[in-house]
Amino acid sequence: MGDILARAVKEAAIIVAVVVVVAMGVNFTRDEGIPLIAGAEDFTIRTNAEFMVAKDAGTLFENGAAIFVDAREPRLFEAEHIEGAVNVPSAGEDLGEVAYMIPADPVLICYATEAAEREAGVTADRLLEIGFKRVYVLRGGLESWKALGLPTVEGTGP
Amino acid sequence: MSDAIRMVEKVLSYKYVVFAARLILGVVFIYASLEKIQNPAGFAQAIYNYRMLPEGLINVMAIILPWLELVCGTLVIVGVFVRGSALLIGAMLAIFIVALSSALMRGLDISCGCFTLEGGRGIAGKTLVEDVLLLLCAAIALLHGTRVFSFRRGLN
């Protein structure tokens, strides 16, 4: 038993050493790589928009009183999004059809997933910058929306 | 009683059971690693949401852990360094179990970050049970893993 464990530890040390080199190397060379050391500010969402909880957003949804803006990349939007939502990826330049709505100044609720809430904040800030006044970020993202049993759909359309 | 223990021991060391345990571990860990490797920033955010690690360590963990899952998952299937991989998989599972339990106890409403990072499932007792079962597979692979389809019987 002790013998098995001693061998296992030796093998594990070799695996870890190789993995550390490979993982660091790949991270260093690829576009999606992240810095080795992160600060708290990398994880906390910073946005000038206000937050809205899913319950309030759901009420606006049911009254048709808000437009939902999905800030994730198109691939994820296609897989699942809030019914009626438009896609304005945080990484893109194009605001798409949303740009034409400025004169009407609708209530816009930006969302991503909970883990990617920062993306919703980025899109919300861009919408505020171009002149929208009533922009919110959905607290807890798509997960909190679905947790209340509110509807989502698949596909490229709203 | 000792007969019963011997019986269980015999079943768990049966070569098909051992290989099944390795196969399950391998498939689960390879699958779990793929999206995290694709999206290190998303995985870092998922780790941050657990509020357990100091911020300075989160990115290092997010860079290394998915590759460790992928490599250990592959090795445990192909039969190279089975014991070392099983030990590391066991250690990772132990960490996941502690993190999940702690998040459940603190009532954190976060996504698990276990297999998928986008629209992922939340954390629940079910995930804990799965991890404990996987830990059993890792123990089998650690103790008996080299008995079948293994390229080497470990380092001397």
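Student: Which helix of chain B gives the largest share of the lining of the second largest pocket?
Tutor: Bear in mind that this is a predicted model. The second largest pocket holds about 460 Å³ of space, and of the 27 residues that line this pocket, B:Tyr50, B:Leu65, B:Phe96, B:Ala99 and B:Cys112 are the closest to its centre. At least two lining residues come from each of helix 2, helix 3, helix 4 (55-78), helix 5 (82-105) and helix 6 (125-144) of chain B. The largest share, five residues, belongs to helix 5 of chain B.

Student: How many nonpolar residues does the lining of the second largest pocket have?
Tutor: Sorting the lining of the second largest pocket by class gives two polar and five charged residues. The remaining class, the nonpolar one, has 20 residues.

Student: What is the volume of the largest pocket, and which helix gives the most to its lining?
Tutor: The volume of the largest pocket is about 790 Å³, and among its 33 lining residues A:Ala116, A:Glu119, B:Asn39, B:Ala41 and B:Gly42 lie nearest the centre. The elements that give two or more residues to this lining are helix 3 (74-79) and helix 4 (117-129) of chain A, together with helix 2 (15-38) and helix 3 (40-49) of chain B. With five residues, the one that gives the most is helix 3 of chain B.

Student: How many charged residues are in the lining of the largest pocket?
Tutor: The lining of the largest pocket draws at least three residues from each of domain 1 (2-37) and domain 2 (41-153) of chain A. Divided by class, this lining has 15 nonpolar and eight polar residues, and the charged ones number 10.

Student: What distance separates the centres of domain 1 and domain 2 of chain A?
Tutor: The domain assignment of chain A places domain 1 at 2-37 and domain 2 at 41-153. With the centres taken over C-alpha atoms, the separation of these two domains is 38 Å.

Student: Where does the lining of the largest cavity come from, and which helix gives the most to it?
Tutor: A search of the whole structure finds one cavity of 30 Å³ or more, and about 60 Å³ of space lies in the largest cavity. Its lining includes A:Ala23, A:Asn27 and A:Arg30 on one chain and B:Lys36, B:Pro40 and B:Trp67 on the other, with at least two residues supplied by each of helix 1 (2-29) of chain A and helix 2 and helix 4 of chain B. The classes divide into eight nonpolar, one polar and two charged residues. Giving the most, with four residues, is helix 4 of chain B.

Student: How many salt bridges does the rule find across the interface of chain B and chain A?
Tutor: The contact takes 41 residues from chain B and 39 residues from chain A. The area buried between the two chains is about 3,500 Å², and carbon and sulfur atoms give 68% of this area. For side-chain pairs of Lys or Arg with Asp or Glu the cut-off is 4 Å, and across this interface the number of salt bridges found by the rule is zero.

Key. Residues are numbered from 1 along each chain as its sequence is written. Chains are lettered from A and ligands numbered from 1 in the order in which they are written. This is a predicted model: local features need pLDDT of at least 70, side-chain atom pairs count only at pLDDT 80 or more; totals for chains, interfaces and linings use all residues. Side-chain values use heavy atoms; hydrogens and water are left out. On a 1 Å grid over the protein atoms alone, a cavity is a set of points where a 1.4 Å probe fits but cannot get out, and a pocket is an open set with protein on both sides within 12 Å along at least five of seven lines; lining residues have an atom within 4 Å of a point. Grid points are joined across faces, edges and corners, and a volume is the space filled by probe spheres set on the points. Ala, Val, Leu, Ile, Met, Phe, Trp, Tyr, Cys and Pro count as nonpolar, Asp, Glu, Lys and Arg as charged, and the others, Gly among them, as polar. Domain bounds come from an automatic or database domain assignment. Contact means heavy atoms within 4.5 Å. Buried area is the accessible area (1.4 Å probe) that two parts lose on being put together, summed over both.
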